[in-house]
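The chain and its model come first.

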Amino acid sequence: MRAGRLRHKVVIQKTTEDRTDSGETTNTWSTHATVWASIEPLNGREYFQAQQETAVVNTRIRIRHVDGIVPKMRVLHGARVFDIKAVIDVNERGREIVLMCEERV
């Protein structure tokens, strides 16, 4: 992996489920790792859901290997939020991870 491609500083967040006194479940996001990444938009689509137009951009994010990343996590880049859909360990060598993500616009 060439370091020059990793020019975006991103935050990988994990969610924790908390219960309130009334029994409600709330999700809170906390930082799992802050890393340098390459962000590559792949394609986008628009569709109607619940009488609203929704746009989704599929994005590939490349990072150096970080333990513990799972599809329930998300990636933040500034004000942008990417939901992780798949985690791929490139060549199964533990050096580079590709995160296949969706960004709702």
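Buried means under 20% relative accessible area, exposed means over 50%, and partly exposed lies in between (1.4 Å probe, protein chains only). This is a predicted model: local features need pLDDT of at least 70, side-chain atom pairs count only at pLDDT 80 or more, and totals for chains, interfaces and linings use all residues. Residues are numbered from 1 along each chain as its sequence is written, and side-chain values use heavy atoms, with hydrogens and water left out.

**Glu96**
- Glu96 counts as buried because its relative accessible area is 12%.
- Glu96 sits in strand E6 (residues 96-104); strands are DSSP runs of at least two residues, numbered from the N terminus.
- The side chains of Glu96 and Arg62 make a polar contact of 3.0 Å. Such a contact is a pair of N or O atoms within 3.5 Å; within protein, one must be able to donate a hydrogen and the other to accept it, and residues adjacent in sequence count only if both atoms are side-chain atoms.

**Strand pairing**
- Strands E1 (residues 8-19) and E4 (residues 74-77) run antiparallel, joined by 3 bridges. Pairing requires at least two DSSP bridges between two strands.
- Gln13 has Arg74 in E4 as its bridge partner.
- E4 and E5 also run antiparallel, with 4 bridges.
- Leu76 is bridged to Val81 in E5.
- E4 and E5 form a hairpin with 2 residues between them. Gly78, in the turn, has a positive phi of about 65°.

**Asp83**
- Asp83 lies in strand E5 (residues 80-89).
- Asp83 is partly exposed, because its relative accessible area is 30%.
- Beyond its neighbours within four places in sequence, Asp83 is in contact (heavy atoms within 4.5 Å) with Met73, Arg74, Met100, Cys101 and Glu102.
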